[in-house]
Amino acid sequence: IIVHHGAVTFTDQHIIPPGLTINLEDIDLRINNPVRGQVTDLKISATVDQQGKKGTLSMTGNIELSDGDKSLLNSSIDARIHAAGLSIERYRPYYEQYLPFRQTTGVLNIDTHLKGNASRFISEGSVAVKNLDLRYPEVFHTALTPKDVSLGYKIQRTPSEIIMDKLNLKVDDFKISGRCAIKDIDKNDPLITAEAFSSPISLEKFGPFIPYGIISERVADFIKTRIKGGIYQLKEGSINGRISQIAHMDENENYNVLHAKVGVDEGMLSYGKKVPIFSGIKGELELRGKDLLLHNMSGKFGESPIALEGRITDYCLATPASYPFAATIIPGQKEIAWFLGIGGGGNFAFTGKTFLQMTGSGTTNNYALSGRWDLTDVSYSYNDVFTKPQSQSNRVVFESNIKNGKVQVEAFSYQL
């Protein structure tokens, strides 16, 4: 069968009752010996008229039509497939039942090799989308609108599993690579295993892609209200669990299905206008089980250098989270004035370098805070009321408790 410069118009009334009309133009087709049960050479190319917008399709290879008593869906193919300029929105009726997105627009390009049939095949190639606009408010709180999205992949499907040995996703200048497998796809609760790592990306660019809808409400609120900037990199991430476990991370020990390590640089954290801002944060965040760990964190509190180790325990559970930490601060004059509650500290003078050791533990409604501070090597004075010279032995130890927003000093020692 040979066709040159052909044209076909068909209306698919099965997919939607009013029908979806597709126009194919400039069809070039060549099929050699199309007999059921035998391998047939196939070459086809066409232009798709999408309400004035043109797309192209081509396929070169062979197809083995199923035997006469079997469905054509059992036919197998070994072909190279190219598609360019296809409108994602135009063909929404074909995929909307399988995807949860409310709205998706963009221009789709495909370059892939496919070998096999519908239930057992191997495919390797790339998929790219220009000017994507994806709306999924249940997961992403704003529309995702990258200019260029591309995915390089290698996938193998059997009746019971899908294995993706290679996944290289690029969203504008952000890259993430990994692998994934979905097992027991023929059962009600498939098992998903995945590993991934990424290139660095700024919070400004990455913010819209944070899946607030599927992470703990407490963590989501903390990210939205407290984290103000930084460069982040997924060093390693993994999922190993069934869909029912992933959907209910706060039940049983389902939190163990997720693990991630994220590098942080130039981070910025704010607790409001009345508290000095944390800036220049560098370190590593780790999601491990039910805890969020903060490793080797350093930065500045206001203008004062700080180093910290800590964690947020039970972050994904319904029970109250706790916030144990240990920190070392080299406080400057402004931050000490803030600690002491003396405003801008205009009448307070502080000179020298010293180390304030602080530890904390508990929940937001009942938090214990303690500190040890050796002030021997510094000098300070306040409003001509007192002056402490350098090298005079001076130590401060305190223990306090914060309950329901009220601070109570449990113990305080000032040695001079």
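Student: Which residues form one aromatic cluster?
Tutor: Tyr271, Phe278, Phe301 and Trp338 do. Keep in mind that this is a predicted model.

Student: How many aromatic pairs does the structure hold?
Tutor: There are 8 aromatic pairs. One of them joins Tyr136 and Phe140.

Student: What describes a pair of aromatic rings?
Tutor: Two things: the distance of the centres and the angle of the planes. Take Tyr136 and Phe140: 6.4 Å centre to centre, with 65 degrees between the planes. That pair is edge-to-face.

Student: Is Tyr136 buried or exposed?
Tutor: Buried, because its relative accessibility is 18% and the cut-off for buried is under 20%. Phe140 counts as buried too, at 17%.

Student: What are the distance and angle for Phe174 and Phe206?
Tutor: The ring centres are 6.3 Å apart and the planes stand at 55 degrees, so this pair is tilted.

Student: Where do Phe174 and Phe206 lie?
Tutor: Phe174 is in strand β10 (residues 174-183), and Phe206 is in helix α2 (residues 203-206). The pair therefore ties together parts that are 32 residues apart in sequence. Phe174 is buried, at 12% relative accessible area. Phe206 counts as partly exposed, at 26%.

Student: Which residue lies over the face of Tyr212?
Tutor: Lys224 does, at 5.3 Å from the ring centre.

Student: Now the surface. Which residues form a nonpolar patch there?
Tutor: Val407, Val409, Phe412, Tyr414 and Leu416. Together they have about 560 Å² of accessible area. Val407 is found in strand β25 (residues 406-415).

Student: Why does Val407 count as exposed?
Tutor: Because its relative accessibility is 62%, and exposed means over 50%.

Note on methods: Residues are numbered from 1 along each chain as its sequence is written. This is a predicted model: local features need pLDDT of at least 70, side-chain atom pairs count only at pLDDT 80 or more; totals for chains, interfaces and linings use all residues. Side-chain values use heavy atoms; hydrogens and water are left out. Patches are made of residues with over 30% relative accessible area and no salt bridge: like charges are joined within 9 Å, nonpolar side chains (Val, Leu, Ile, Met, Phe, Trp, Tyr) within 5 Å. Accessible areas come from the Shrake-Rupley method with a 1.4 Å probe; for residues, only the protein chains shown count as cover. A salt bridge is a side-chain nitrogen of Lys or Arg within 4 Å of a carboxyl oxygen of Asp or Glu. Helices (H or I, at least four residues) and strands (E, at least two) are DSSP runs, numbered from the N terminus. Buried means under 20% relative accessible area, exposed over 50%, partly exposed in between (1.4 Å probe, protein chains only). Rings of Phe, Tyr and Trp (its six-membered ring) pair if their centres lie within 6.5 Å; planes under 30 degrees apart count as stacked, over 60 as edge-to-face and the rest as tilted. A charge sits over a ring if NZ of Lys or CZ of Arg is within 6 Å of the ring centre and within 35 degrees of the ring normal.
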